Amino acid sequence: MTLRLFNTLTGQLDPLAPSDGKALRMYACGPTVYDYGHIGNFRTFLQIDLLRRYLKLTGVPLRHVMNITDVDDKIIRNASEAGVAIGEYTARYEQAFFEDLESLRIERPEQLARATEHIPRMVELIQKLAAAGAAYQTEDGSWYFRLSAFPAYGKLSKKDLSGMEDGARVDVDEYEKDSARDFALWKAAKPGETSWETPIGRGRPGWHIECSAMAMEYLGDSFDLHAGGEDLMFPHHENEIAQSETATHKPFARHWMHVRFLLVDGRKMSKSEGNFFTLRDLLLKGYKASAIRLALISVPYRHQLNFTFDGLTEATNAIDRLRTFRQRLMEGNFASGGNPVLQAAAQQAQVDYMAALANDLNTAEARAPIFDLVRTANTAIDQGQLLASDRDAILAVLASFDAVFDVIEDHDAEPTRRALEWAKQAGRIADAAPELLARQSLTDEAVEALVAERTQAKRQRNFARADQIRNELVAKGIVIEDSKDGVRWKRK
Ligand code: AMP
Ligand code: ZN
């Protein structure tokens with residue numbers, strides 16, 4: 001089913017399909033690698049991951065490019081405070097970013113592009129703008145984009161820019177003023193700062209030119225989709241459009257997707273507000289990566305999401321329900337044949353699930369039929385009415401749910417292990433939840449030995465010892481289940 005996705009540029013739901021009939025060419029603004037990402041950043045990357053996965057599930061090939069901003073004001077400041085070269089400084093946070101993506105099971109784009117590796121391409125673009133009279137150099141050697149050269153400025157954010165002052169300039173990377181200004185394309189080198197010697201002078205690129213240059217390098221002058229968080233719409237994306245379309249006289253991206261913010265107590269989660277959690281903070285508190293993923297994607301991208309710990313607990317419980325149900329299907333013995341009622345229920349759930357995602361990636365609506373199916377099927381199993389081909393049909397629905405949501409298959413051990421490893425090295429182990437440390441201290445072999453000892457104790461009718469072992473294991477996050485086929489255990 002073709003996805004209908006809200007397009008900020010047209011203000012309506014537009015079908016999204018590859019315009020060249022081959023692959024969907026998309027660009028997403030990536031991280032500035034000056035620190036660990038917070039879960040607000042990751043909400044945006046998660047929602048873009050959902051988009052990727054839905055497109056792949058419906059057979060659309062992708063060419064997804066994401067930039068890594070590895071030079072900007074904050075990076076230069078922090079690296080110089082740390083007394084290291086910016087490359088050394090950013091390498092650490094870039095690696096942390098990739099680890100966090102992996103923990104949250106966010107797929108890597110087909111193409112990553114570091115800003116510092118594309119300087120010549122940016123310089124060429126600035127030269128082109130200068131030749132067209134849309135870029136000018138100031139006395140200190142910096143280059144600015146002349147906003148008056150692009151009358152369509154503001155068409156994405158639909159801001160009223162009537163108060164725009166001709167020739168007023170801005171050169172910091174981050175500014176949130178509602179007024180538009182000529183913006184920096186190239187910043188002249190200041191003493192002691194990282195800079196590049198180029199035909200337009202010694203200096204470094206502004207933030208906006210990066211994305212234009214790298215998007216066009218890998219995707220061509222015009223491409224299908226551009227995505228990012230809602231804060232990037234203005235001025236960053238407006239500036240990208242202005243630079244690119246002035247240089248090429250062609251439409252830049254056809255479709256624009258903006259993910260709304262993750263909030264805390266009604267305010268944007270952000271570094272500067274100090275109200276943020278990193279992924280590592282939450283893993284150390286004992287939350288599972290899958291629960292964080294589900295909590296951040298269950299509210300559709302066009303709605304702001306208020307972060308709460310209750311939300312994480314709800315997601316944890318929802319995942320437990322799904323995993324237990326799937327286990328029940330896989331391990332149960334079901335008579336052959338199919339129950340028409342369950343066959344129809346599975347088919348309907350699949351149709352409703354796909355339709356909800358096709359409708360502007362409505363994840364909240366997409367979850368509902370899956371959980372309804374779990375309820376119906378659990379009742380049918382209780383009543384002995386679920387048959388082998390019903391199981392197969394339902395497992396297939398769960399598989400397509402997991403192709404996008406990716407929370408049922410359990411990959412939670414590694415992110416937690418990695419977070420603890422990191423905490424030890426970063427001197428943050430005191431932040432780890434005591435249960436988490438206790439849980440981690442028991443190896444699989446130790447658990448097996450205790451489980452065997454408990455079985456032995458029960459056989460000898462030493463129930464006191466058997467209960468004591470069970471309680472000890474429970475305290476360390478190990479759940480034991482006695483079944484006909486013996487004892488099973490798992491980590492909570
Ligand atoms: P940055 O590393 O600051 O450049 O941001 C990376 C991405 O995260 C951008 O697409 C931002 O728009 C997005 N972002 C930043 N804060 C939030 C938030 N609180 N909620 C959702 N997305 C955010
Ligand atoms: Zn960008």
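In the views below, a helix (H or I, at least four residues) or a strand (E, at least two) is a DSSP run, and these elements are numbered from the N terminus. The structure shown in every view is a predicted model.

**View 1. Sixteen residues form the shell around ligand 1**. Of the 16 residues that surround this ligand, the closest are Gly40, Thr44, Asp231, Leu262 and Met269. Two elements, helix H1 (39-57) and strand E12 (223-229), each supply at least two residues of this shell, and H1 gives the most, with four residues. When the residues around ligand 1 are sorted by class, six are nonpolar, eight are polar and two are charged.

**View 2. Backbone atoms of the protein make polar contacts with ligand 1**. An oxygen atom of ligand 1 lies 3.1 Å from a backbone N or O atom of glycine 229. Nitrogen of the ligand is also involved: a backbone N or O atom of leucine 262 lies 2.8 Å from a nitrogen atom of ligand 1, and a polar backbone atom of methionine 269 is 2.8 Å from a nitrogen atom of the ligand. Taken alone, ligand 1 exposes 500 Å², and the protein buries 89% of that area.

**View 3. The zinc ion (ligand 2) is coordinated by two cysteines and a histidine**. Along the chain, the donors follow the spacing C-x181-C-x24-H. The two cysteines are 182 residues apart and link distant parts of the chain, with cysteine 29 in the loop between strand E3 (24-28) and H1, and cysteine 211 in helix H5 (residues 207-219).

**View 4. The second largest pocket has a volume of about 1100 Å³**. This pocket is lined by 37 residues, and the closest to its centre are Gln327, Glu481, Trp489, Lys490 and Arg491. The elements that give two or more residues to the lining are helices H9 (309-331), H13 (413-426) and H14 (434-441), together with strands E17 (478-483) and E18 (486-491). Helix H9 gives the most to the lining of this pocket, with eight residues. Sorted by class, the lining of the second largest pocket has 18 charged, 10 nonpolar and nine polar residues.

**View 5. The largest cavity is one of six found in the whole structure**. Rolling a probe the size of a water molecule over the atoms shows where empty space is left. A search of this kind finds six cavities of 30 Å³ or more, and the largest of them has a volume of about 80 Å³. The residues that line the largest cavity are Ala28, Phe45, Ile48, Asp49, Arg52, His64, Met66, Leu101, Ile106, Glu107 and Pro109. Helix H1 and strand E4 (62-68) each supply at least two residues of this lining, and the largest contribution, four residues, comes from H1. By class, the lining of the largest cavity divides into seven nonpolar residues, one polar residue and three charged residues.

**View 6. The second largest cavity holds about 60 Å³ of space**. Its lining consists of Ser103, Leu104, Arg105, Ala289, Ser290, Arg293, Arg323, Asp406, Glu409, His411, Asp412 and Pro415. The largest share of this lining, three residues, comes from helix H8 (residues 289-297). Of the residues around the second largest cavity, six are charged, three are nonpolar and three are polar.

View 7. Most residues other than glycine have a negative phi, and most peptide bonds are trans.

Note on methods:
Residues numbered from 1 in each chain as written. Chains lettered and ligands numbered in written order. Predicted model: local features only at pLDDT ≥ 70, side-chain atom pairs only at ≥ 80, totals over all residues. Heavy atoms only, no water. Near = heavy atom within 4 Å. Polar contact = N/O pair within 3.5 Å; in protein donor to acceptor, adjacent residues only side chain to side chain. Areas by Shrake-Rupley, 256 points an atom, 1.4 Å probe, with all protein chains shown as cover. Nonpolar A, V, L, I, M, F, W, Y, C, P; charged D, E, K, R; others polar. 1 Å grid on protein atoms, 1.4 Å probe; cavity = no way out; pocket = protein on both sides within 12 Å on 5 of 7 lines; lining within 4 Å. Points joined across faces, edges and corners; volume = space filled by probe spheres on them. Donors = N, O, S within 2.8 Å, 3.2 Å for Na, K, Ca; no water.
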